[in-house]
Amino acid sequence: MCTGKNILLGVTGSIAAYKSAELVRGLKVRGADVHVIMTRSAQKFISALTFQTLSGHRVVTEMFPQEEISVPHIKLAEWADVILVAPATANILGKVASGLADDMLSTVVLASKAPLCFAPAMNARMLSHPVVVDNIRKLKDRGCTFIEPERGELACGTIGEGRLADLEAIIDGVMTLCDRSGQLSGKHVLVTAGRTEEPLDPVRFLTNPATGKMGYALAEAAHLRGARVSLISGPTHISPPPGIDLFNVRTAEEMARKAFELYEECDIVLMAAAVADFRPKNFSTEKIKKNGAGLTVALERTEDILADFGRRKSGKILIGFALETDDGVENATEKLNSKNLDLIVLNCLGEEGAGFGGDTNIVTLIDRFRRIEKLPKLTKRDLANRILDRVVDLVNE
Ligand code: CTP
């Protein structure tokens, strides 16, 4: 159910716009309050009066209405718990992906922090155009949810992909977002992401292939559930998700310093960073020359941030990550115990679709009650949400 939730429905100019009237009904039946914004093109397909009658609210159609209005329309940006754009044309996807705000819907979308869900509907060739594909990827990377269009007969008479998704699937997608929104409000979540670099000399360092994708997906998902999020990130090429506090660091020592500074004020720690366990004992301020046959580098241990957190836990929820090549469950359980964690995410290298750098991962979750849950191959974004579902359970327990 979406009882008490505020849903802003954006309707754009596709023939599928008439189906959105049913969406308003479906969402209202599930307890939501629905406001509708229509673009100019949408009004060519269906009248605002239909949406006004179904939603019980005046429909917003103009950026600068002639008549006096009681609530400035931009207030809808704050009012919405979830924004659903259905049908979403290539035009609105392109505008939101590029940050354009030339009408009421694109302006409100840009002004809102609410989770954003798109249900695209368009001609198959438009949907597969590289620019549209790129825009959809960009929006997904920024945490937008997509209810993928279906294959079937399109308005132009051809058969292909681009038909608005089944209305029940769209409503289910919105309900999931409603469910999640606010689950972590009032909580401060600390996430670490990526790798660390441990310098040997000015041009060389020890590191690992972690890209930060998992940690960034967790930070964004926690933010969408209403948490205040601090993200400590090692070097990465990922753009930071909006609405979170980002702290860039390079070495394990810098990561530890920032993490220790933030620890007291946070409630939940998701330690996704692949922190170096060792660093060169001596840093050479000059580039090391290749004199002689070889080089022996002495290494020393870095501080184990998570183990330190585990020793002074005081009611916080601690989630660790373990990367194992063999005896995964046994080794990860040992880490869960020794670091005093609530949950450990075990990542076993070797399976296709698992490990560093990719968009997917295959993991097993082990909690402090020894419950073991092996998850299928998931995108890192979906995995982030599965992990956060468990975090929410731990918070509620
Ligand atoms: N971790 C940490 N500080 C370190 C090293 C690791 O906080 N200096 C955290 C990682 O972010 C991760 C978990 O501890 O959440 C991983 O535990 P660890 O025992 O370091 O696992 P591995 O790196 O896989 O180490 P090992 O070589 O012992 O298997």
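**Salt bridges and the domain interface**

Arg195 and Glu197 form a salt bridge, with the closest N and O atoms 3.6 Å apart; the term denotes a side-chain nitrogen of Lys or Arg within 4 Å of a carboxyl oxygen of Asp or Glu. The model is predicted, so local features need pLDDT of at least 70 and side-chain atom pairs count only at pLDDT 80 or more, while totals for chains, interfaces and linings use all residues. Residues are numbered from 1 along each chain as its sequence is written, and side-chain values use heavy atoms, leaving out hydrogens and water.

**Salt bridges**
- The whole structure contains 30 salt bridges.
- Glu197 is buried at 9% relative accessibility (buried is under 20% relative accessible area, exposed over 50%, partly exposed in between; 1.4 Å probe, protein chains only).
- Arg204 and Asp201 form a salt bridge with the closest N and O atoms 2.5 Å apart; Asp201 is buried at 1%, whereas Arg204 is partly exposed at 33%.
- Asp342 and Arg368 meet in a salt bridge at 2.2 Å, N to O; Asp342 is buried at 2% and Arg368 partly exposed at 37%.
- Shared partners join the salt bridges of Asp367, Arg371, Glu373, Arg386, Arg390 and Glu397 into one network.

- The chain is divided into domain 1 (6-180) and domain 2 (188-396), with bounds from an automatic or database domain assignment.
- Each domain contributes six residues to the contact (heavy atoms within 4.5 Å).
- One salt bridge is counted between the domains.
- Arg381 forms a salt bridge with Asp141, the closest N and O atoms being 4.0 Å apart.
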